[in-house]
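Here is a short briefing on one protein model. Keep the structure open while you read.

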Amino acid sequence: MRTPLTLAVAQPLCVPHEVAANVAAHAAAVRAADARVVLFPELSLTGYDLDAPSLDVADARLAPLVEACADTGALALAGAPVGDGAGSAYIGVLAVDGAGVRVAYRKMFLGGVEPRRFVAGGGPAVVAVDGWRLGLAVCRDTGVREHARRTVALGVDVYAAGVLEAPADAAVPEARARRVAADHGVWVATASFAGPSGSRYPQTAGGSGVWRPDGTPVLRTGAGPGEVGRATLR
């Protein structure tokens, strides 16, 4: 029998381009969450400024987040622009634990002006934690049924997404989460940016959440930056 999974959704205040300050906010959220997995929004480590440099997994500025994960036994799933060493850039999800940092997923379905800077990721991805399988998604991925279908086909228990929405679109993440749960019978967790996030988003919607496989909500955070919500999945 697998153990219950404690999962937190966090929406830390972001300072655009200031990776060290954002890492500190992420580390504080991990320490406050008291959770095995802590999920963060899209591009959470840089903010939604598409000219922010790609973040290398060996960047020394990530050390405080690695340390926080080591101290708490957490896995953090944080958003950042990442490169491939060959000149291409992606909107990525970093998996951070006490052992270090790796690129766990690259956003497959880009939106708006994102293709001017970024390349679409090649396929879905899963991270395994204590017998649970978490399928990863970033923002627009959640609105594309093919993404959920292909991800769930890998045998996932949780569909975990980092997103960013303007306040006018605050209802979008929940509608998509409920649809994924209804279509596939899996837990859904969404970490949604709150507060400002770069020049394109002077304000964002917040409202992170976790939904059961039947689509009912377990928790919802508010619209303010700095909030962390925690749920136990069984």
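**Two helices side by side**

Helix H1 (residues 19-33) packs against H2 at an angle of about 10°, and their axes lie 8 Å apart. H1 and H2 are therefore roughly parallel to each other. The model is predicted: local features need pLDDT of at least 70, side-chain atom pairs count only at pLDDT 80 or more, and totals for chains, interfaces and linings use all residues. Residues are numbered from 1 along each chain as its sequence is written, and side-chain values use heavy atoms, with hydrogens and water left out.

**How the helix pair is described**

- Helices (H or I, at least four residues) and strands (E, at least two) are DSSP runs, numbered from the N terminus.
- Axes are lines fitted to C-alpha atoms, for helices over the stretch in contact, and angles run from 0 to 180 degrees between N-to-C directions.
- Angles under 35 degrees count as roughly parallel, over 145 as roughly antiparallel, 65 to 115 as roughly perpendicular and the rest as oblique.
- H1 brings Val23, His26, Ala27, Val30 and Arg31 to the contact (heavy atoms within 4.5 Å).
- H2 brings Pro64, Leu65, Glu67, Ala68, Cys69, Asp71 and Thr72.
- By class, the contact of H1 with H2 has 7 nonpolar, 2 polar and 3 charged residues.
- Ala, Val, Leu, Ile, Met, Phe, Trp, Tyr, Cys and Pro count as nonpolar, Asp, Glu, Lys and Arg as charged, and the others, Gly among them, as polar.

**Cysteines**

- How many disulfides does a search of the whole structure find? The search finds 0 (a disulfide is a pair of cysteine sulfur atoms within 2.5 Å).
- For Cys69, the nearest cysteine sulfur belongs to Cys14, 18 Å away.
- Cys69 has 1% relative accessibility, so Cys69 counts as buried.
- Buried means under 20% relative accessible area, exposed over 50%, partly exposed in between (1.4 Å probe, protein chains only).
- Cys139 is also in no disulfide; its nearest cysteine sulfur, that of Cys14, is 14 Å away.
- Cys139 is buried too, at 9% relative accessibility.
- Find Cys139 in the loop between strand S7 (132-138) and helix H3 (145-152).
- Phi of Cys139 is near 40°, a positive value in a residue other than glycine.

**The loop between S2 and H2**

- Leu43 sits in the loop between S2 and H2.
- Phi of Leu43 is near 50°, a positive value in a residue that is not glycine.
- Is Leu43 buried or exposed? Leu43 is buried, with a relative accessible area of 1%.
- Ser44 is in the loop between strand S2 (37-39) and helix H2 (63-72).
- Ser44 counts as buried, at 2% relative accessibility.
- A polar atom of the Ser44 side chain lies 3.0 Å from the backbone nitrogen of Gly79.
- Beyond its neighbours within four places in sequence, Ser44 is in contact with Cys14, Asn22, His26, Ala78, Gly79 and Phe193.

**Thr6 in strand S1**

- Thr6 belongs to strand S1 (residues 5-11).
- Thr6 is buried, with a relative accessible area of 18%.
- The Thr6 side chain reaches the backbone nitrogen of Arg36 at 2.9 Å.
- Leaving aside neighbours within four places in sequence, Thr6 is in contact with residues including Asp34, Arg36, Arg230 and Thr232.

How values were computed:
A polar contact is a pair of N or O atoms within 3.5 Å; within protein, one must be able to donate a hydrogen and the other to accept it, and residues adjacent in sequence count only if both atoms are side-chain atoms.
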